[in-house]
Amino acid sequence: MKKWNVSAVRAAKGKQKLGCCTAYDACFARLADEAGVPIVLVGDSMGMTMLGYETTLPVKMSETLSSVAAVARSVKNAMVVGDMPFGSYQCGDDEAMRNAVAIIQAGADAVKLEGGARVCGLIRRMTEAGIPVLAHVGMTPQSVNEYGGFKKQGKTADAAAQVLADAKAVEEAGAFAVTLECIPSELAARITEELSIVTVGIGAGPACDAQWLVMHDLLGLNEKAPSFVKQYAHLAGEVRDAFAAYVAEVATGAFPAK
Ligand code: KIV
């Protein structure tokens, strides 16, 4: 199987659509890798999927680092992208650089951070330092308090022009790919056409070069998945049934066997 890295992702543009997803632990990262997922994102969505928070905002660097390390130890061919948690790149560029370095040293091949023009200085500095950056524009969940909820972005002509300008700015700053989250599909199609880097959509329609799905959504572990999600399995029910069968068999004495 092919080993994924920045050059392979860049080369896929216009040739191969990439189905990418999140993973946060060794077990699921290994399974995603064995299945051929090209990019595994250790997303700050772990705040909601793994840690039980309402938003991504409480995720800490320490949680990111242990997750990145577990995932990186468990994949052979997938590229591992570590999401920079809220607060890890907002308090000064030197601190942001130290945190990006820590994510790479934990085993990630690249970092992801949210924002367009306003984070271009950082993207430039990171790429110049040899840290590949996957940018993230459109609906950026770390701005949830600014939006007043997880709301689709780029809906008016002005807002769409802003998202397009942000996407062009992060490309110009050196990002090797850009996440387009929750924007109209026509806008995502236009950005995908105008940019020479890979666009990775989530809730942004079919025209993007690649797609993200949060692992818990695609596997049906999260029963309240957003409407754009396709569930490729319905594991929540199976897992619940397995736990219940185990509890029942221990209670009746059917397990363990003599
Ligand atoms: O944290 C995450 O899972 C993400 C994806 C939604 C792209 O940023």
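This is a predicted model: local features need pLDDT of at least 70, side-chain atom pairs count only at pLDDT 80 or more; totals for chains, interfaces and linings use all residues.

Reader: How do you know where domain 1 and domain 2 lie in the chain?

Author: The bounds come from an automatic or database domain assignment. That assignment gives residues 6-218 to domain 1 and residues 220-258 to domain 2. Taken over C-alpha atoms, the centres of the two domains are 30 Å apart.

Reader: What makes you say that residues of domain 1 and domain 2 are in contact?

Author: Contact means heavy atoms within 4.5 Å. By that rule, nine residues of domain 1 are in contact with eleven residues of domain 2.

Reader: How much area do domain 1 and domain 2 bury between them, and what is meant by buried area?

Author: Buried area is the accessible area, found with a 1.4 Å probe, that two parts lose on being put together, summed over both. For these two domains the value is about 740 Å², with 67% of it on carbon and sulfur atoms. His216, Asp217 and Leu218 supply 61% of the area that domain 1 buries against domain 2, more than any other three residues.

Reader: Which kinds of pairing does the rule find across the interface of domain 1 and domain 2?

Author: A polar contact is a pair of N or O atoms within 3.5 Å; within protein, one must be able to donate a hydrogen and the other to accept it, and residues adjacent in sequence count only if both atoms are side-chain atoms. Seven residue pairs across the interface pass this rule, both residues being at pLDDT 80 or more. Salt bridges across the interface number zero. On the domain 1 side, helix α10 (residues 215-218) gives the largest share of the residues that touch domain 2, namely four.

Reader: Why is the pair of Glu34 and Arg30 called a salt bridge?

Author: A salt bridge is a side-chain nitrogen of Lys or Arg within 4 Å of a carboxyl oxygen of Asp or Glu. In Glu34 and Arg30 the closest N and O atoms are 3.3 Å apart, and the pair forms a salt bridge. Both residues sit in helix α2 (residues 26-34), four residues apart, so about one helical turn separates them. A helix here is a DSSP run (H or I, at least four residues) and a strand is a run of E (at least two), numbered from the N terminus.

Reader: What makes Asp83 and Lys112 a salt bridge, and where in the chain are they?

Author: Their closest N and O atoms are 3.0 Å apart, and they form a salt bridge. The pair links distant parts of the chain, with Asp83 in strand β3 (residues 79-83) and Lys112 in strand β4 (residues 110-114), 29 residues apart.

Reader: Are Asp83 and Lys112 buried or exposed?

Author: Buried means under 20% relative accessible area, exposed means over 50%, and partly exposed is in between (1.4 Å probe, protein chains only). Asp83 has 3% relative accessibility, so Asp83 counts as buried. Lys112 has 2%, so Lys112 is buried too.

Reader: How do you know that Arg190 and Glu194 meet in a salt bridge?

Author: The N to O distance between their side chains is 2.8 Å, and they meet in a salt bridge. They are four residues apart in helix α9 (residues 185-194), so they are separated by about one helical turn. Arg190 has a relative accessible area of 45%, so Arg190 is partly exposed. Glu194 has 34%, so Glu194 is partly exposed as well. Salt bridges that share partners join Lys168, Arg190 and Glu194 into one network.

Reader: Why is His216 called buried?

Author: His216 has a relative accessible area of 12%, so His216 is buried. Leaving out residues up to four places away in sequence, His216 touches Tyr24, Thr49, Met50, Leu221 and Asn222.

Reader: What makes Asp217 buried?

Author: Asp217 has a relative accessible area of 8%, so Asp217 is buried. Asp217 is found in helix α10. With residues up to four places away in sequence not counted, those touched by Asp217 include Asn222, Ala225 and Pro226.

Terms used. Residues are numbered from 1 along each chain as its sequence is written. Side-chain values use heavy atoms; hydrogens and water are left out.
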